[in-house]
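Subject: Structure handover

Hello,

Here is the structure for your files. My notes on it follow below.

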Amino acid sequence: MTGQHRIVVLGAGYAGLAAARRLARTAGDARITVVDAHASFVERVRLHQRAAGQRIAALNLRESLERTGIDFVRALATEIDTVAKRVVLDAGPAIEYDALIYALGSIADVQSVPGVAEHAYSIATQEDVRDLSALDGPVAIVGAGATGIELAAELAESRPGTRVLLLGSEEPGAWLSARAQAHIRRTLERLGVEIVSGAKVIEVTSEGPRSADGSMVEAAATVWTTGFRVPDLAARSGLAVDSHGRVRTDPTLRSVSHPDIFAAGDAAVIAGPGGRDLRMACATALPTGKHAADAVVARMRGREPKELRFRYVLHCLSLGRGDGVVQAVHADDAPARTVLTGRTAAWVKERIVRFAAGAARP
């Protein structure tokens, strides 16, 4: 092949921007193009703050990328033509590639439970988020994972007169240590959050969520924070995917079916420590985005890409602006003994969030 090497990055979330930033530094005179349907990058890990009425920064993608010599195309990718090696867009001409990094991330799963799409809010993506602090009446948050916990604490702290309910099939923070779980519960209760554990929500109505035992929670708003899915572009384009539509990758993050395509972040199946797939998180998106970029550059220069080497370090949760939990974890993501709580944990979490944003920003 002659001429300038063309690298296309699909997606401008944590993984895509981390890949683009690494490529700008290491890919020499290759032409790098980032494609995303959004004009700006908003930190996903701060979307619960926006839902609670706080203002969060937005990064202008075109300005920030083009300052580093990266082309930006605002469009929705509708097809990957793997034979012609081009990405078809909903607006403008198709973009040809020699190497492609698939980093389209994840979106809320609003189809698996009846009524969610029609009657529930989500904070999975920037276009989903609404200012819930302005609502008059109870807010029911379904899902006691990290997103649900952080949103419940943020809303209760910013609107102390609002009734906030957190519904989950397990105890909030059930994947963490007993000490971390106890602190989460104490803090939520101190903020006035009503915790309903053992609740399996099977339907969302205009009046609120309904559980499997027939009980109903009346709410002015229901927020769905449990379950994510990925865009179906890879599956529709003929790439090898798992049952959820995530791109299957080898240890170098190369697609197992298309050697010119690499995948990173939530939209990829990536083997992790302990024989488990990496979980969806910015903590996995950033390093896998960087590794995919390194793998592309290695192949461009005729070298065999290195295998991804990854270990987990921490779980971090904010509990409002002045409290939090930082849980140390083993390499396989199992909780370790060390736990930070309170203002110290809030400070650490904020520094980690700022680092993540800096790592993604070109």
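In helix H6, the buried residues are Ala180, Gln181, His183, Ile184, Thr187 and Leu188. They sit on the same side of H6, because they cover an arc of only 165° around its axis. That arc is taken over the directions from the helix axis to the C-beta atoms. Buried stands for under 20% relative accessible area, exposed for over 50%, and partly exposed for anything in between (1.4 Å probe, protein chains only). The face turned away from the buried side carries exposed Ala178, Arg186 and Arg190.

Before going on, the ground rules. This is a predicted model: local features need pLDDT of at least 70, side-chain atom pairs count only at pLDDT 80 or more, and totals for chains, interfaces and linings use all residues. Residues are numbered from 1 along each chain as its sequence is written, and side-chain values use heavy atoms, with hydrogens and water left out. Helices (H or I, at least four residues) and strands (E, at least two) are DSSP runs, numbered from the N terminus.

Helix geometry. H6 covers residues 178-190, and its 13 residues reach 18 Å from first C-alpha to last, close to the 18 Å expected. The expected span is 1.5 Å times one less than the number of residues. Gly192 follows H6, with a positive phi near 95°. Buried residues in H5 include Gly148, Ile149, Leu151 and Glu154.

His48 is in helix H2 (residues 47-51). It is buried, at 4% relative accessible area. Its side chain makes a polar contact of 3.5 Å with the side chain of Glu154. A polar contact is a pair of N or O atoms within 3.5 Å; within protein, one must be able to donate a hydrogen and the other to accept it, and residues adjacent in sequence count only if both atoms are side-chain atoms. Leaving out residues up to four places away in sequence, His48 also touches Ile123, Glu150, Leu151, Ser318 and Arg321. Contact means heavy atoms within 4.5 Å.

Next, Ser106. It lies in the loop between strand S9 (99-102) and strand S10 (107-108). Ser106 is buried, at 5% relative accessibility. Its side chain has polar contacts with two others: Arg44 at 3.1 Å and Asp266 at 2.7 Å. Among the residues that Ser106 touches beyond four places in sequence are Thr125, Phe228 and Met280.

The cores. The largest nonpolar core has 62 residues, and Leu10, Leu23, Leu100 and Tyr102 have the most contacts inside it. Apart from it lies another core, of 31 residues, including Ile123, Val129, Leu188 and Leu319. A nonpolar core is a set of buried Ala, Val, Leu, Ile, Met, Phe, Trp, Tyr and Cys residues joined through side-chain atoms within 4.5 Å. Not counting residues up to four places away in sequence, Leu23 touches Ile7, Val9, Ile32, Ile101, Ala293, Val296 and Val297.

Last, the cysteines. How many disulfides does a search of the whole structure find? It finds 0 (a disulfide is a pair of cysteine sulfur atoms within 2.5 Å). Cys282 is in no disulfide, and the nearest cysteine sulfur, that of Cys316, is 8.9 Å away. That distance is too far for a bond. Cys282 is partly exposed, with a relative accessible area of 23%.

Best wishes
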